[in-house]
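Biologist: Hey, I've got this one open and I'm new to it. Could you walk me through it?

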Amino acid sequence: MNLSKLDLWMQKQEHVTSLSRIEIEQIQFCKLNHLLAREKARGGFYKDLPEKLSSLRELSILPFTTESQLKNYGNQMLLLSQSKVDRIRTEETSGTTGKAKRLYYSAADNERTISFFAAGLSELVYPGEKTMICMPFSGPGGLGELIAEAICRLGAKPIPAGIQKSYGELLFLLDSEQPETFVGMPVPLLSLLRLSPTCSLKRALISADACPETVTDAVEAFLSSRLYPHYGSREMGLGGAVTCPAFSGMHLRENDIIAEIVDKSLKPVKDGEWGELVITTIQADAMPLIRYRTKDHARLLKKRCPCGSMIARLDTVTRLGEASKITKLDNEVFQIPQIIDYRATQTEEGLLIEGYKKGDCFALPDRLLGYPVIWKLCQVSKNHYPCYPAKRYLVKETK
Ligand SMILES: [Zn+2]
């Protein structure tokens with residue numbers, strides 16, 4: 001089996017010819033101390049932390065950064081002058097209260113992400129092929145734009161589909177462009193494959209949302225190939241960890257990000273145990289974060305991967321708490337092969353499932369996750385849109 005392309009990318013970025021655990025941790029330790037010195041010199045949000053640590057282990061005694069701190073003190077976390085900021089990503093908020101989360105990136109941050117994307121995508125995107133990108137396009141430095149640039153660098157052609165097209169428009173693109181590969185969220189991919197089982201797609205990288213087992217199995221059966229999951233977030237510069245041909249977890253961009261896993265009492269877990277993922281973005285140029293709690297549930301595999309790489313892997317990442325409900329629901333609902341997509345609302349009486357089906361004659365369960373269910377499904381048409389434009393969630397009934 002070939003060594004993960006990410007391993008080769010990391011060797012090139014760090015000007016080394018091998019990456020043992022000791023070498024990887026040495027890179028992390030140097031960058032962490034460099035970051036702490038930058039914070040002190042710039043008087044940044046983390047200026048009161050020690051200027052230097054004597055070992056990587058000491059990171060675990062530094063305080064955590066929470067989402068609410070990021071919302072309230074984001075400006076202080078910016079280490080560059082505003083003129084050097086290439087792109088700001090502001091989280092859409094549904095309510096009118098509270099501050100929005102804003103993340104800042106420099107041109108160097110975006111270039112690093114493109115280069116990481118190209119390395120990860122090179123496992124499945126080949127020169128001369130076409131890749132359909134169902135991710136948000138939002139102008140220079142946008143996620144879709146960064147992926148498209150990475151695909152161009154691999155000698156392939158990006159097909160920018162975005163996330164606002166109807167099924168009819170998406171099927172037209174599939175049919176007219178005949179892309180071999182797909183980059184996007186898992187459920188919209190399953191919807192497309194259920195609508196057009198014999199389409200041209202052969203391989204896919206999925207990201208931006210949790211991928212329930214049922215969805216993975218169904219998509220892999222359609223494609224006759226394994227899925228390449230990717231994990232990233234705005235906080236880690238969009239690109240974070242990507243699967244290698246061993247399909248045994250996602251190799252983390254460890255030269256740029258230090259990952260820790262902590263238990264419910266926020267103590268580090270033993271190697272290989274599950275808990276909350278905490279990240280420190282040691283390479284971030286514009287807005288580094290130290291011990292940021294992601295609220296994602298994962299575990300870290302540090303033993304050698306079957307591909308030969310010693311870069312740590314993240315096992316399946318799921319969301320914690322209330323947000324995990326929709327994944328459990330997806331696992332149940334998408335077992336029904338006629339379901340194209342749905343939106344779930346938690347009501348006083350139970351669950352309301354509204355969505356699209358293709359064909360008929362299937363039995364629908366009366367209860368899901370222990371709640372009684374009201375089903376409102378209509379036949380899918382070309383004018384329908386995916387039920388969630390971004391991450392899936394359980395809608396709360398408002399009165
Ligand atoms: Zn591997």
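This is a predicted model: local features need pLDDT of at least 70, side-chain atom pairs count only at pLDDT 80 or more; totals for chains, interfaces and linings use all residues.

Biologist: Okay, and in which sense do β3 and β4 pair?

Modeller: Parallel, over four bridges. β3 also pairs in the parallel sense with strand β5, residues 181-184, again over four bridges. There, the bridge partner of Ile-133 is Val-183 in β5.

Biologist: How many of the residues of β3 are buried?

Modeller: Four of the five, so β3 is largely enclosed by the rest of the structure.

Biologist: And what's the strand order in the sheet that has β3 in it?

Modeller: That's an open sheet of nine strands, running β4-β3-β5-β6-β7-β8-β9-β14-β13, and the pairing is mixed. At the edges stand β4 (157-160) and β13 (300-301); each has a single partner strand, so one side of each is left without a neighbour in the sheet.

Biologist: Let's move to α6. Which of its residues are buried?

Modeller: Helix α6 covers residues 167-177, and Tyr-167, Leu-170 and Leu-174 are buried in it. They span an arc of only 70 degrees around the axis, which puts them on the same side of α6.

Biologist: What do those buried residues pack against?

Modeller: Against β3, residues 130-134, and α7, residues 186-195.

Biologist: And which exposed residues sit on the face turned away from the buried side?

Modeller: Asp-175 and Ser-176.

Biologist: Got it. Is Gln-178 buried, exposed or partly exposed, or what?

Modeller: Gln-178 counts as partly exposed, because 14 other C-beta atoms lie within 10 Å. There's also Leu-369, another residue other than glycine with a positive phi, near 50 degrees. Leu-369 lies in the loop between β18 and β19, the latter being residues 371-379. Leu-369 is partly exposed too, with 15 other C-beta atoms within 10 Å.

Biologist: Since you mention β18, what order do the strands take in that sheet?

Modeller: β18-β19-β17-β16-β20: five strands in an open sheet, with mixed pairing. β18 (367-368) and β20 (395-396) are at the edges with a single partner strand each, so one side of each is left without a neighbour in the sheet.

Biologist: How many bridges join β16 and β20?

Modeller: Two, and the pairing is in the parallel sense; strand β16 is residues 339-346. Gln-346 has Lys-396 in β20 as its bridge partner.

Biologist: Which helix packs on that sheet?

Modeller: Helix α9, residues 325-333. α9 touches β16, β17 (351-357) and β18, and its direction makes about 140 degrees with that of β16.

Biologist: Which residues of α9 are buried?

Modeller: Ile-326, Leu-329, Asp-330 and Val-333. Their arc around the axis is only 105 degrees, which puts them on the same side of α9. They pack against α7, α8 (213-223), β16, β17 and β18.

Biologist: I just clicked on Leu-352. Which strand is it found in?

Modeller: Strand β17. Leu-352 is partly exposed, with 18 other C-beta atoms within 10 Å.

Biologist: What is Leu-352 in contact with, leaving aside neighbours within four places in sequence?

Modeller: Thr-345, Thr-347, Ile-374 and Lys-376. As for Val-395, Leu-352 is 43 residues from it in sequence and 9.5 Å from it in space, C-alpha to C-alpha.

Biologist: Last topic: at what angle do α1 and α4 pack?

Modeller: About 145 degrees, with the axes 8 Å apart; α1 is residues 5-14 and α4 is residues 107-121. The crossing of α1 and α4 is right-handed.

Biologist: Which residues make that contact?

Modeller: From α1, Lys-5, Leu-6 and Trp-9; from α4, Phe-116, Ala-119 and Gly-120. The residues of this α1 and α4 contact divide into four nonpolar, one polar and one charged.

Key:
Residues are numbered from 1 along each chain as its sequence is written. Axes are lines fitted to C-alpha atoms, for helices over the stretch in contact, and angles run from 0 to 180 degrees between N-to-C directions. A crossing is left-handed if the near helix is turned anticlockwise from the far one by less than a right angle, and right-handed if clockwise. Two residues are in contact if their C-beta atoms, placed from the backbone, lie within 7 Å. Ala, Val, Leu, Ile, Met, Phe, Trp, Tyr, Cys and Pro count as nonpolar, Asp, Glu, Lys and Arg as charged, and the others, Gly among them, as polar. Two strands pair if DSSP finds at least two bridges between them. A residue is buried if 20 or more other C-beta atoms lie within 10 Å of its own, exposed if 12 or fewer, and partly exposed in between; C-beta atoms are placed from the backbone. The arc is that of the directions from the helix axis to the C-beta atoms.
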